[in-house]
Amino acid sequence: MIYRSLIACVISFSVASATVFAHADEPATAEVTGDASGPDENSSSSAQESSDAEQLLAGNPELLAALQAGPKALSLAFRMAAKRATPSVVVLYSYGQDESPPGTPETNKDEGENEDELPLLERAEIPTPPPSTEKLTGLGSGVIVSEDGLIITNHHVVRNAKRVVVQLPDETRVDADIVRGDPDSDVAMVRVTPPAKLQPVAIGDSDRLEIGDWVLAIGSPFKLEATVSAGIISGKNRRIDRIRRSNMLQTDAAINPGNSGGALIDLDGKVVGISTAIATRSGFYQGVGFAIPINQARWIADELDQHKKVRRAAI
C-alpha cells in the first residue's frame, strides 16, 4: 500500500509536469480547448493520489526521512567540500596591463561566430580596488597550493601586469613577489610573502575524473567573493583553439567573468581543475565551461616556480 501510494504520487507529478511542458511548447496564440465548465477527471484523480501520498508521508516520519536521506547527504557533501576548499581560493587584482596586448582574444557574439573561438573569462565587473597609482585592468581568482605562498591562476589574468595584488581569504591584501605565466597552456603562478602560513588546497587527481562526477566551482564572479556553484563533469579532453596546449575538462557548473583561475573541486574538497574559459554567445555563462586539469596545471606551475619556464620535451 505504501509503495503503491508513493508510485501514484510520482505518476501524479509526472503527469502534471508533462502538461506544463506541453503548454510551454505551444504558441502564445493557441486556443484553450476542452470543457471549462467542470474539472478534468484525470486532474482530479492525480490530485487525489497526490493528497493520499502526502497524508501517507505525514503519518510516517521514518519513510519521509528515508526519502530525504539521499538529497540531504548530497547537500551535506556540497557543504563540506566547499568548507574545505574555500579558504584556499583568493582574489587577484592586476594593474597596468596593456589595453590590447598582442594575442588578446576578442569575444564575438554574432550569430555567425566560430564556435571554436571560445572566450576566456576576462570580462569582469571591476570592484573597488586596493589603492594604487596604476590602472586596475584585470580581476580574477587563484588557488593556494602551498602554505608559503604559491598560487595557481590563469595566464590571461596576470598577463603583462605591472603589479598584481592578492586578496587572501581573510581579506588581507599583499603584493605578488613573483608572477610567471605560460601562454600556451594559460597557466600562471604567483608567489606572495604571506603574513602567516596559508591554507593550501588539497590536490585531487584529475585523471581519475569521469563524465557525470559532481564538481563545485569556487571563485569571485562579478565581485562576489568565494561564490560556489555546482555541476558535473560534462566532457573531457576538450580542445580550445585560443589555448594551444589545451586538454580541458568541460563542466556545467556556473562559471562567469571573475572565476578565471578559481578552483574546480570534487566532493572531497580537492581541486581537480582551474576554471578558465566558457562557450557563450552572450559573454556570460550559458551552461558550458572549461577548466584546466589540475594534474597539468600543477606541473606547469611547479615548472614556472622552479625553472622560470616550462621545460617541454621536443623531438
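**Buried residues and a bent helix**

Reader: Why is T153 called buried?

Author: T153 has a relative accessible area of 1%, and buried means under 20%, with exposed over 50% and partly exposed in between (1.4 Å probe, protein chains only). T153 therefore counts as buried. The model is predicted, so local features need pLDDT of at least 70 and side-chain atom pairs pLDDT 80 or more, while totals for chains, interfaces and linings use all residues. Residues are numbered from 1 along each chain as its sequence is written, and side-chain values use heavy atoms, without hydrogens or water.

Reader: Which residues is T153 in contact with, leaving aside its neighbours within four places in sequence?

Author: Among them are L92, S141, V158 and S260, where contact means heavy atoms within 4.5 Å. A polar atom of the T153 side chain also lies 2.7 Å from the backbone oxygen of S141.

Reader: What makes A217 buried?

Author: Its relative accessibility is 1%, so A217 counts as buried. A217 lies in strand β8 (residues 214-219); a strand is a DSSP run of E, at least two residues, and a helix a run of H or I, at least four, numbered from the N terminus. A217 and A263 are 46 residues apart in sequence but 5.8 Å apart in space, C-alpha to C-alpha.

Reader: Where does α3 bend?

Author: α3 bends by about 45° at A69, and a proline, P71, follows within four residues. The bend is the angle between axes fitted to the seven residues ending at a residue and the seven starting there.

Terms used: A polar contact is a pair of N or O atoms within 3.5 Å; within protein, one must be able to donate a hydrogen and the other to accept it, and residues adjacent in sequence count only if both atoms are side-chain atoms.
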